[in-house]
There are 4 protein chains.
Amino acid sequence: MTDTDVSAVFDRAPFIRLLGFRLVGSGPGWVETDLMLEPDHLQQHGYVHAGVITTMADHTSGAAASTVIDEGHSILTAQFAISLLRPARGAALHCRGEVVKPGRSLVVTQSDVHCDGVHVARFQGTMAVVEGGLDG
Amino acid sequence: MTDTDVSAVFDRAPFIRLLGFRLVGSGPGWVETDLMLEPDHLQQHGYVHAGVITTMADHTSGAAASTVIDEGHSILTAQFAISLLRPARGAALHCRGEVVKPGRSLVVTQSDVHCDGVHVARFQGTMAVVEGGLDG
Amino acid sequence: MTDTDVSAVFDRAPFIRLLGFRLVGSGPGWVETDLMLEPDHLQQHGYVHAGVITTMADHTSGAAASTVIDEGHSILTAQFAISLLRPARGAALHCRGEVVKPGRSLVVTQSDVHCDGVHVARFQGTMAVVEGGLDG
Amino acid sequence: MTDTDVSAVFDRAPFIRLLGFRLVGSGPGWVETDLMLEPDHLQQHGYVHAGVITTMADHTSGAAASTVIDEGHSILTAQFAISLLRPARGAALHCRGEVVKPGRSLVVTQSDVHCDGVHVARFQGTMAVVEGGLDG
């Protein structure tokens with residue numbers, strides 16, 4: 001998959017644009033993203049909502065998985081587990097997603113999310129490779 | 001925890017209001033929610049983003065856990081696993097979160113998410129009980 | 001898959017025979033097993049080892065998945081999550097594994113393990129369907 | 001926790017002795033173990049049973065967690081997720097368990113299992129810190 005394709009995984013996903021995630025780097029088997037935190041990202045105690053952290057970890061892992069599959073295929077999340085290590089509060093989130101094990105039908109990934117440099121979540125995902133690219 | 005407290009878990013969470021989740025029912029050990037789907041909830045293939053489904057499953061499970069803890073305590077998600085059973089596309093999501101095992105320091109929960117009546121996700125969570133309520 | 005095939009999943013697995021798990025019932029989409037507890041099944045505090053409970057939950061779920069796939073295929077565990085709800089101590093374990101979502105390449109399952117009637121674990125698994133039956 | 005305590009986590013667990021796991025090294029926040037494979041460790045296709053790999057990953061992570069807690073406490077597994085990356089076949093398993101995040105009531109860990117040098121499983125666990133050591 002080309003760099004353009006990785007960008008498309010972000011540009012063409014309305015929910016990702018709504019939340020404000022940005023692609024900041026990618027290569028074979030990895031993607032990095034960030035997010036400037038806004039009040040809309042918080043839960044009822046003033047921490048970043050687990051859903052924001054999880055969406056970032058999942059989407060970044062999915063994008064990382066998309067760097068190791070053949071043209072004409074794309075990635076759907078089948079299953080994941082996430083540990084929320086600490087409540088997150090700060091100015092920005094950063095996430096790195098990596099491929100742990102590539103595969104023809106399943107790609108196993110890991111994402112780590114940091115908030116202002118503090119490790120706040122580890123994600124382990126099973127991504128399904130499906131036929132059909134973003135254009136069909 | 002009172003019904004008012006369960007409502008507060010929704011009303012005071014900006015991220016939940018941004019996405020549009022509504023509390024539709026609750027009792028001891030369970031909570032139900034729904035979401036009218038909008039274009040902003042989608043990912044790059046036109047399906048509901050896994051982050052939307054996961055946020056719903058997590059928040060509903062957390063609210064269900066909050067119904068079985070003592071006053072002056074609240075819930076933070078420690079860890080969860082989710083299986084995304086099928087791509088979700090439709091008009092509305094519905095979620096039921098239930099307590100599988102209450103506890104003094106950890107509450108284990110399950111959430112199931114349906115899209116227009118089709119089962120799209122099962123979530124299994126470990127929720128941490130922390131001191132301090134929503135006002136303190 | 002026939003009843004004979006489900007039995008083979010137990011009879012031909014040396015690790016399952018070593019531990020002593022017994023198939024006690026099965027039908028389309030479900031399998032039940034039990035285990036008479038012995039001192040060898042315990043961990044350092046005198047509870048049943050998490051590995052015994054997990055092996056039972058995984059193997060029973062895998063057998064349940066094998067009831068919903070085509071002839072000439074078999075099941076390998078791709079991923080699972082398990083919540084150990086309480087320390088287990090008693091005379092016997094019982095497990096029921098069920099298919100949550102069948103599929104051509106992935107089958108999602110759940111297992112629940114009870115010890116002397118007390119719910120001790122819930123398991124959520126993603127099982128891969130692979131070509132080749134038990135005879136090749 | 002002392003090195004003697006880490007040894008006790010292995011020596012006093014009958015299920016671990018039955019399977020043959022050996023402690024091969026430990027330090028603050030990590031433990032390494034190995035297992036010489038025997039026919040009894042296999043499943044119905046001749047691969048190492050997922051239950052063997054999972055028991056190793058769980059027990060090694062639990063032992064790693066026990067290196068970062070106070071005297072008079074011990075570790076029980078609350079929840080974990082594991083990805084089985086490839087079918088495992090070979091002469092020996094090796095496992096390294098590490099603490100991802102220490103804590104007063106929960107310790108998050110990761111274990112990686114290799115079979116003859118090939119990465120076969122990644123485990124992510126949530127371990128509960130309980131009062132009472134191995135001698136009560």
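A: B:Gly46 counts as exposed, because it has 12 C-beta neighbours inside 10 Å; the scale calls a residue buried if 20 or more other C-beta atoms lie within 10 Å of its own, exposed if 12 or fewer, and partly exposed in between, with C-beta atoms placed from the backbone. This is a predicted model, in which local features need pLDDT of at least 70 and side-chain atom pairs count only at pLDDT 80 or more, while totals for chains, interfaces and linings use all residues. Residues are numbered from 1 along each chain as its sequence is written, and chains are lettered from A, with ligands numbered from 1, in the order in which they are written.

B:Gly46 sits in the loop that joins β2 (30–36) to α3 of chain B, where helices (H or I, at least four residues) and strands (E, at least two) are DSSP runs numbered from the N terminus. Although B:Gly46 and B:Pro87 are 41 residues apart along the chain, their C-alpha atoms are separated by 9.4 Å. Helix α3 of chain B, which covers residues 50–66, has 17 residues and reaches 24 Å from its first C-alpha to its last, close to the 24 Å expected at 1.5 Å a residue, the expected span being 1.5 Å times one less than the number of residues. Whereas B:Gly46 is exposed, α3(B) is mostly covered, with 17 of its 17 residues buried.

Chain B also meets chain A, in a contact that takes 34 residues from chain A and 34 residues from chain B; two residues are in contact if their C-beta atoms, placed from the backbone, lie within 7 Å. On the chain A side, α1 (3–11), α2 (14–19), α3 (50–66) and β3 (73–84) each supply at least two residues, and the largest share, 10 residues, comes from β3(A). That side holds 18 nonpolar, 13 polar and 3 charged residues, where Ala, Val, Leu, Ile, Met, Phe, Trp, Tyr, Cys and Pro count as nonpolar, Asp, Glu, Lys and Arg as charged, and the others, Gly among them, as polar. β3(A) and strand β3 (residues 73–84) of chain B pair in the antiparallel sense over 5 bridges, pairing being assigned if DSSP finds at least two bridges between two strands. Within this arrangement, A:Ala81 stands opposite B:Ala81 in β3(B).

Chain A has a further contact, in which 9 of its residues meet 9 residues of chain D. Here β3, β4 (92–101) and β6 (118–131) of chain A each supply at least two residues, and β6(A) gives the largest share, 3 residues. Chain A can be laid on chain D with an RMSD of 0.0 Å by a turn of 180° and a shift of 0.0 Å along the axis, superposed by least squares on the C-alpha atoms of residues with pLDDT of at least 70 in both. The two copies are thus related as by a two-fold rotation axis, and 100% of the contact residues of chain A recur in chain D.

As for chain A itself, it has 3 helices and 6 strands, which run α-α-β-β-α-β-β-β-β from the N terminus on. Buried residues make up 52% of its 136 residues, and the C-alpha atoms of chain A fill a box of roughly 45 × 25 × 20 Å along the principal axes.
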